[in-house]
Amino acid sequence: MTGGKSGPQFGPQGSWRPFRQRQSKLQRLSQKHPFLCVGLPFLTAVIGGSFVLLPTQQTKYEVRDKHVKTAPLANFKPAKREFSLQEEYFKMQTRGEWGEWEPKRVERPPEDEPVFDRYD
């Protein structure tokens, strides 16, 4: 090997700088201003999508309002009674349900028994 450095050469003859390919104007612009390549198209899609979906949603709600207004039960409001615990107690007594009630423990399968009772 005569005079010079040995090893791989990355650039033109005798140059140790990496070889750079020429970049197009669009590539240089996107490196300097990434918002133009990523942010601007994203915002355009979001805002444009809202303008496209707006008439569709408006039509949907207009059809729903029309359906609700033409429904026969639109003005029907059932009369609501106030709940009274004492009144319900007297109703159960008059029906005979109160005397028949008895607290009973629900039988559980053996594997559901509490753990702390098994090892006493």
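Analyst: In this predicted model, K91 and E88 form a salt bridge in which the closest N and O atoms are 3.8 Å apart; the cut-off for such a contact is 4 Å. Both residues belong to helix α3, residues 85-95, and because they are three residues apart there, about one helical turn separates them. An α-helix has 3.6 residues a turn, so residues three or four places apart point the same way. Side chains of opposite charge can pair when their charged atoms come close. K91 is partly exposed, at 27% relative accessible area, and E88 is also classed as partly exposed, at 23%.

The structure holds two salt bridges. Besides the K91 contact with E88, there is one between the side chains of E87 and R81, with an N to O distance of 3.0 Å. Here E87 is partly exposed, with a relative accessible area of 35%, whereas R81 is exposed, at 58%.

Y89 has a relative accessibility of 32% and counts as partly exposed. F90 is likewise partly exposed, with a relative accessible area of 41%.

Conventions
Residues numbered from 1 in each chain as written. Predicted model: local features only at pLDDT ≥ 70, side-chain atom pairs only at ≥ 80, totals over all residues. Heavy atoms only, no water. Buried < 20%, exposed > 50% of the residue type's maximum accessible area, 1.4 Å probe, protein only. Helix = DSSP H or I, 4+ residues; strand = E, 2+ residues; numbered from the N terminus.
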